[in-house]
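Please read the numbered points alongside the sequence and the model.

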Amino acid sequence: MLEKVGDTIKVAFFDRDGTIIKDYPDHDWSEVDQPEFIEGAFDTLKEVQARGYAIIIVTNQYLINEGFISFERYQSLSDQMLKRLAENGIEVKDIFYCPHRRDEGCRCMKPNLGMIEQAIEKYPDIDLNRSFMVGDSACDMELAERTGMAGYWITEEHTCKFNNVKTVKSIIEITDIVKGEFVWRKS
Ligand SMILES: [Mg+2]
Ligand SMILES: [Zn+2]
């Protein structure tokens, strides 16, 4: 399934909350028993996969260490999400999550590079030059910029302060981007 050039794989890194599944105010997460998918997420991930990208999710989950949700709830939501994706023919290569509090100063919370570094350590064949990052938050795009990856920012904003980032109105626009093999690059 994965397109290989030499020994490398290209990866579509996706944020989770607000990108693949719905996001909520921090306090409301304790009531969330099942993930609610964002419209277009299945079709988009399918197309991304069909174009030879491995799908890796990188998600800030400060909700865990800040006590909004238990680790068990995080795990349950994550497992349910993966199951629903698998039922739709979508294979997620891996999920990296940061459980730390925002004041812990960890290395993995986006926009820090830790989760991308973990991914590369685990899968040394990843070629960041052929990979991209999709997310709905500025921290996702700051991470993309720090790694040199192309970024696709799901936002209503019209102005974008990041160099290597294209704004899209919804996740489904990513399908056109990967179909055209269009990758936004710094010139
Ligand atoms: Mg998000
Ligand atoms: Zn962390």
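1. D17 is buried, at 8% relative accessibility; here buried stands for under 20% relative accessible area, exposed for over 50%, and partly exposed for what lies in between (1.4 Å probe, protein chains only). D136, by contrast, is partly exposed, with a relative accessible area of 25%.

2. The model is a predicted one, in which local features need pLDDT of at least 70 and side-chain atom pairs count only at pLDDT 80 or more, while totals for chains, interfaces and linings use all residues. Residues are numbered from 1 along each chain as its sequence is written, chains are lettered from A and ligands numbered from 1 in the order in which they are written, and side-chain values use heavy atoms, with hydrogens and water left out.

3. Which residues hold the magnesium ion (ligand 1)? Its protein donors are D15 (OD), D17 (O) and D136 (OD), lying 2.1 Å from the ion. Donors are N, O and S atoms within 2.8 Å of the metal (3.2 Å for Na, K and Ca); water is not among the atoms, so sites may look incomplete. Along the sequence, the donor residues follow the spacing D-x1-D-x118-D. D17 belongs to the loop between strand 3 (11-14) and helix 1 (41-50), and D136 to the loop between strand 6 (132-135) and helix 5 (138-147), so the pair ties together parts 119 residues apart in sequence. Helices (H or I, at least four residues) and strands (E, at least two) are DSSP runs, numbered from the N terminus.

4. The structure holds 13 salt bridges, a salt bridge being a side-chain nitrogen of Lys or Arg within 4 Å of a carboxyl oxygen of Asp or Glu. One of them joins R73 and D33, at 3.0 Å from N to O. This pair links distant parts of the chain, with R73 in helix 3 (residues 71-87) and D33 in the loop between strand 3 and helix 1, 40 residues apart. R73 is partly exposed at 24%, whereas D33 is exposed at 57%.

5. A further salt bridge connects R101 with D103, their closest N and O atoms being 2.7 Å apart.

6. C139 is in no disulfide, and the nearest cysteine sulfur, that of C98, is 10 Å away. C98 is buried, with a relative accessible area of 0%.

Technical notes:
Disulfide = S-S within 2.5 Å.
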